Amino acid sequence: MKRIAIAAAMLFATCSAQAQIYQWQDENNKTVISDRPPVGKVRQPRQIAAEAAAPGDDTGKTLADREMEFRKRQKESQEGAAEARKEQHAAAQRHENCERARLSLRVLESGERVSMRDSKGERYYLDDRQREQEIERARNDVQANCK
């Protein structure tokens, strides 16, 4: 599919780079436009001056060169999109971490009883010293994650 699109673009570029274009009506009274002069009987033959190729055109490059440049641009575009997705995911992760840290700090500063689980999975309640340590840790988390 890509090769067909490239070939069509090349054909279009080649046609537009020609110096002369011819337009005429054939025997069936249909208008024909071509880069070659009409053969046989035609009605209303007309020669159209085509635009010359712009100085920045790629018409001097081979098909392989243009295809390689196309693939390079396509790869760069895909890499840019992947990088943007990664950055977006990282930003969403930072936002989520920030919200969790803020919520944890609010709970600890609310004065409610807070329970934690020890290494055995048993619940225990924080005393005042532990609460202050957890509040300090939560403040550091908020500062680190909410920039």
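Let me open at the cap of a helix: Asp127 caps the N-terminal end of H3, with a side-chain oxygen 3.3 Å from the backbone nitrogen of Arg129. That is a polar contact, meaning a pair of N or O atoms within 3.5 Å; within protein, one must be able to donate a hydrogen and the other to accept it, and residues adjacent in sequence count only if both atoms are side-chain atoms.

A quick word on what you are looking at. This is a predicted model, so to speak of local features we need pLDDT of at least 70, and side-chain atom pairs count only at pLDDT 80 or more, while totals for chains, interfaces and linings use all residues. Residues are numbered from 1 along each chain as its sequence is written, and side-chain values use heavy atoms, leaving out hydrogens and water.

Back to H3, then. The helix covers residues 128-145, and at 1.5 Å a residue its 18 residues should span 26 Å; the end C-alpha atoms are 25 Å apart, which agrees. The expected span is 1.5 Å times one less than the number of residues.

Which residues of H3 are buried? They are Arg131, Glu134, Ile135, Ala138 and Val142. Down the axis of H3, these buried residues fall within an arc of 105°, so they line one face of the helix. The arc is taken from the directions from the helix axis to the C-beta atoms. Buried means under 20% relative accessible area, exposed means over 50%, and partly exposed is in between (1.4 Å probe, protein chains only). On the face turned away from the buried side, H3 carries the exposed residues Arg129, Glu132 and Gln143. Helix H2 (63-109) and strand E4 (115-117) are among what covers the buried residues of H3, where contact means heavy atoms within 4.5 Å.

Now for the charges. The structure holds eight salt bridges, each a side-chain nitrogen of Lys or Arg within 4 Å of a carboxyl oxygen of Asp or Glu. Being three residues apart in H3, Arg137 and Glu134 are separated by about one helical turn. Arg137 is partly exposed at 38% relative accessible area, whereas Glu134 counts as buried at 18%. Salt bridges that share partners join Glu134, Arg137 and Asp141 into one network.

Another salt bridge links Glu69 and Lys61 at 2.7 Å, N to O. Glu69 is partly exposed at 27% relative accessibility, and Lys61 is partly exposed at 32%.

Last stop, the strands. E1 (20-25) and E2 (31-34) have a loop between them that holds Asn29. The two strands run antiparallel and are joined by four bridges; strands pair if DSSP finds at least two bridges between them. Thr31 in E2 is the bridge partner of Gln25. At 45% relative accessibility, Asn29 counts as partly exposed.
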